[in-house]
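Hi,

Here is the structure I promised to send over. Have a look at it first, and then read on for what I found in it.

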Amino acid sequence: MARKSQQQRLAEGNQLKVEYESSNLESSWGYGFLNSIITHLEKGKQLSKRQRTTFDDMIDEGIPKPKGDKKLLSKIDDAISYWKNNPDREWDAGVLRDIRRNVFNAWEVSDKQRVLLDNLLNRCDDDRSG
């Protein structure tokens with residue numbers, strides 16, 4: 001495989017960052033890692049072999065595929081999008097993003113989280129109808 005320049009890695013990283021954001025994956029580990037690498041590259045610093053390998057693997061794989069309930073993810077994404085520019089619902093959207101991570105990865109959602117999730121999704125429906 002040909003060696004990539006820092007500019008190419010930076011361009012690919014920024015493109016993948018946009019894809020992560022459009023897929024509501026800002027709370028994932030991959031998004032945080034991607035941002036740290038982009039910042040590193042923008043400062044003109046070199047990456048370690050392990051950073052390069054992990055970063056290049058992420059670029060090759062693209063955004064991760066959801067393992068959890070796709071219908072529930074769709075509802076959560078819809079609510080997050082609806083509340084995106086509403087400062088009164090910033091907390092609500094943030095909680096949905098956090099719970100979304102668990103649903104996305106098919107991790108366990110506690111009973112309290114499930115009740116909160118249902119309440120937030122109902123609140124979004126109420127906001128739309130009222």
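**Overall picture, then helix 3**

Residues 24 or more positions apart make up 66% of the chain's contacts with a separation of 6 or more. Please keep in mind that this is a predicted model.

The chain has 6 helices and 0 strands, so from the N terminus on the order of its elements reads α-α-α-α-α-α. Its C-alpha atoms fill a box of roughly 55 × 30 × 20 Å along the principal axes. Of its 130 residues, 34% count as buried. The accessible surface of the chain is about 8400 Å², and carbon and sulfur atoms contribute 47% of that. As for charge, there are 23 positive and 22 negative ones, and their mean positions lie 7 Å apart.

Which of its residues are buried? They are F55, D56, M58 and I59. Looking down the axis of helix 3, you will see these buried residues fall within an arc of 155°, so they line one face of the helix. Their packing partners are helix 1 (6-22) and helix 2 (29-42).

On the face of helix 3 turned away from the buried side sit the exposed residues K49, R50, D60 and E61. After helix 3 comes G62, with a positive phi near 75°.

Best wishes

Key
Residues are numbered from 1 along each chain as its sequence is written. This is a predicted model: local features need pLDDT of at least 70, side-chain atom pairs count only at pLDDT 80 or more; totals for chains, interfaces and linings use all residues. Side-chain values use heavy atoms; hydrogens and water are left out. Buried means under 20% relative accessible area, exposed over 50%, partly exposed in between (1.4 Å probe, protein chains only). Helices (H or I, at least four residues) and strands (E, at least two) are DSSP runs, numbered from the N terminus. The arc is that of the directions from the helix axis to the C-beta atoms. Contact means heavy atoms within 4.5 Å. Accessible areas come from the Shrake-Rupley method with a 1.4 Å probe; for residues, only the protein chains shown count as cover. Lys and Arg count as positive and Asp and Glu as negative; His and the chain ends are not counted. The place of a charge is taken as NZ of Lys, CZ of Arg, CG of Asp or CD of Glu.
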